[in-house]
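Here's a quick briefing for anyone meeting this protein for the opening time. Have a look at the sequence and the model, then read on.

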Amino acid sequence: MSLTLRTRRSRVLAGGTLVAALGTAGVLGTVSANAESPRPRPAASATPAADVSGRTTTTTTHLTTAAATRAAQAALDAARRAHQNVSVAVVDRDGRTLVTLRGDGAGPQSYESAVKKAYTAVSWNVPTSDLVKRLDSAPTLKDIPGTLFLAGGAPVTAKGAPVAAVGVAGAPSGDQDESFAKAGVAALGR
């Protein structure tokens, strides 16, 4: 007996009947049936892909998650030794958060402030305390979204280029925050 399935509806009905029959026979699993013959795939393009390496691309260096965690923990440890409750953030070259640690007793504002300080430091590749001084001559810098022009952010560089930053917030002064951030950066060199 030859059965030709011509419509989608008849294929679905036939497939459903087959699944029902197999199900009542005690077969477990998934059954797939297709009454049509497979369609041939289009041939691959004869034009090879262009190799643009070295001419139109760049290579960047990124901090590993393990290194970011080590830096954040070192900054938090430095704050604890000074009896300060802070939050720490480490961001990558693109300003994306890699690691955040909120110390016991750190204020609720410190978490977001730490992220913004790290973002600001990596964006300009300088400690945020240096940027605070620039506000006198360019007060609208503080209006750039995601930035915070307070001391407490320190950049991480590799071969002179920024690759990450550590931001700390929550100590009574930005100078203290920044000293803890720099302790985090220093831990990467060990």
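This is a predicted model: local features need pLDDT of at least 70, side-chain atom pairs count only at pLDDT 80 or more; totals for chains, interfaces and linings use all residues.

Residues are numbered from 1 along each chain as its sequence is written, and side-chain values use heavy atoms, leaving out hydrogens and water.

**Overall make-up**
- You'll find five helices and four strands here (DSSP runs numbered from the N terminus: helices are H or I, at least four residues; strands are E, at least two).
- Along the sequence, the pattern reads α-α-β-β-α-α-β-β-α.

**The sheet**
- The four strands make an open, antiparallel sheet in the order β2-β1-β4-β3 (strands pair if DSSP finds at least two bridges between them).
- β2 (97–102) and β3 (153–158) sit at the edges with a single partner strand each, so one side of each has no neighbour in the sheet.
- Six bridges join β3 to β4 (residues 161–169), and Gly-153 has Gly-167 in β4 as its bridge partner.

**Lys-117**
- Lys-117 belongs to helix α3 (residues 108–124).
- Lys-117 is buried, at 3% relative accessible area (buried means under 20%, exposed over 50%, partly exposed in between; 1.4 Å probe, protein chains only).
- Leaving aside neighbours within four places in sequence, Lys-117 is in contact with residues including Gly-153 and Gly-167 (contact means heavy atoms within 4.5 Å).
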